[in-house]
Amino acid sequence: MKTLLITLLKFGLKVIYAPLRLFKTKNQVVYLSRQSNDKSLDMRLLEAAIAEADSSVVQVFRLRMIEDGFKAKIKYCLAVIGDMYYLATSKVAIVDTYSITVSCLKHKSDLKVVQMWHALGAIKKFGLQAVGTKEGRDEKVSRAMCMHQGYDYVLAPSEETAKFYMEGFGVERDKIKLIPLPRVDFITDGEPRTSDFYYSNPAVGQKKMVLYLPTFRDREAYVIQALKTEFEDKEDYQLFISPHPLSDTKVEDDYKPNGDFTPQELIKLADVVITDYSACAFEAALLMKQLYFFVPDYERYIADRGLNIDLKAEMPDAVFEEAEELIAALDSGDYNMNSLFTFKEKYILNAKNNTQTLAQFIVSLTKE
């Protein structure tokens, strides 16, 4: 029944899209996302760089999350019609997740679609890799939704990650463009907001700042509680928790920093970064921050979803299934920076000016 409804939905979209394709193509780039209602850091950086490279390129942002409720669903459906108009009139479409209108419709030959995935890499299986797994999409639904079809280019941060992206997006190597996300420039070149942070959070003082950044998954609340329990009596540490943007997990004020700081800004300020299977691990590695993986469900997660990276093999001294063992490692003061450096070099190109490189590439596509 579900696949039948999807088939009918696609037919309806195609009927609406057909006359829209008659509109004239403009010197325009459209960004599509279901990740957030606001521009991501990568989008903001790329927008400015494209405007500087070629001010004649019009940039349009179509950003809308699918929210709960009947009215929200109606609004989203209306927004999809708007998305189709801009796809029909743009030279380039940039997406950072799966897009129904991009993958399910046949577009003009002069439209180029660029997948700028919202994460800096892929520790866990994702997209087409995870189809049919317990935590992934149903295989029939995925096929009906034309999952991750229609990309002309997929951005990847390294040759090693490109192997995962080829599987996750179902593309050949010639569609992979080795350009790290614009946020790499922000993370490595931008100055940390140290004075702003300590003005808003004076109680941190001389404590070691520990930042926990989990991925979006089940059992998140349980894992967070295990960490909080172990850090409760550790006066030398300040634990801050930054849940995934799509998570509905509530975090008490004691574990949230005061002030408006993005996860990337907090990573710059942290002494220690803890994650599970999140791609924020690559962001911490860029700055050679002490990086730990707290994965009490490691074997279960491999069975339910699967991993691209064998964390225990690549970061053996930084992977823990027990919170008390992680704390003991922190207290010891020992950390294997060599394995962290190897991890960073393997999964992220040592490139500079990624934003300008990507902007020039996008502008070149508008000239084709």
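This is a predicted model: local features need pLDDT of at least 70, side-chain atom pairs count only at pLDDT 80 or more; totals for chains, interfaces and linings use all residues.
Local features need pLDDT of at least 70, side-chain atom pairs count only at pLDDT 80 or more, and totals for chains, interfaces and linings use all residues. Residues are numbered from 1 along each chain as its sequence is written, and side-chain values use heavy atoms, with hydrogens and water left out.

Visitor: Which residue of β10 is the bridge partner of V273?
Guide: Strand β9 (residues 272-275) runs parallel to β10, joined by four bridges. Within β10, V273 is partnered by L291.

Visitor: Is strand β10 largely enclosed or open, and how many of its five residues are buried?
Guide: Buried means under 20% relative accessible area, exposed over 50%, partly exposed in between (1.4 Å probe, protein chains only). β10 spans residues 290-294 and is largely enclosed by the rest of the structure, because its buried residues number four of the five.

Visitor: Which residues have the most contacts inside the largest nonpolar core?
Guide: Such a core is a set of buried Ala, Val, Leu, Ile, Met, Phe, Trp, Tyr and Cys residues joined through side-chain atoms within 4.5 Å. The largest has 122 residues. Those with the most contacts inside it are Y165, I274, L291, Y292, F293 and I362.

Visitor: Are the rings of F126 and F169 stacked, tilted or edge-to-face?
Guide: Rings of Phe, Tyr and Trp (its six-membered ring) pair if their centres lie within 6.5 Å; planes under 30 degrees apart count as stacked, over 60 as edge-to-face and the rest as tilted. The F126 and F169 centres are 5.2 Å apart. Their planes stand at 75 degrees, so the pair is edge-to-face.

Visitor: How many residues apart in sequence are the parts that F126 and F169 tie together?
Guide: F126 lies in the loop between β4 (112-115) and α5 (139-144). F169 is in helix α6 (residues 159-169), so the pair ties together parts whose separation in sequence is 43 residues.

Visitor: Which residues form one aromatic cluster with F126?
Guide: Both F126 and F169 are buried. The cluster that holds F126 also includes W117, Y151, Y165 and F169.

How values were computed
Helices (H or I, at least four residues) and strands (E, at least two) are DSSP runs, numbered from the N terminus. Two strands pair if DSSP finds at least two bridges between them.
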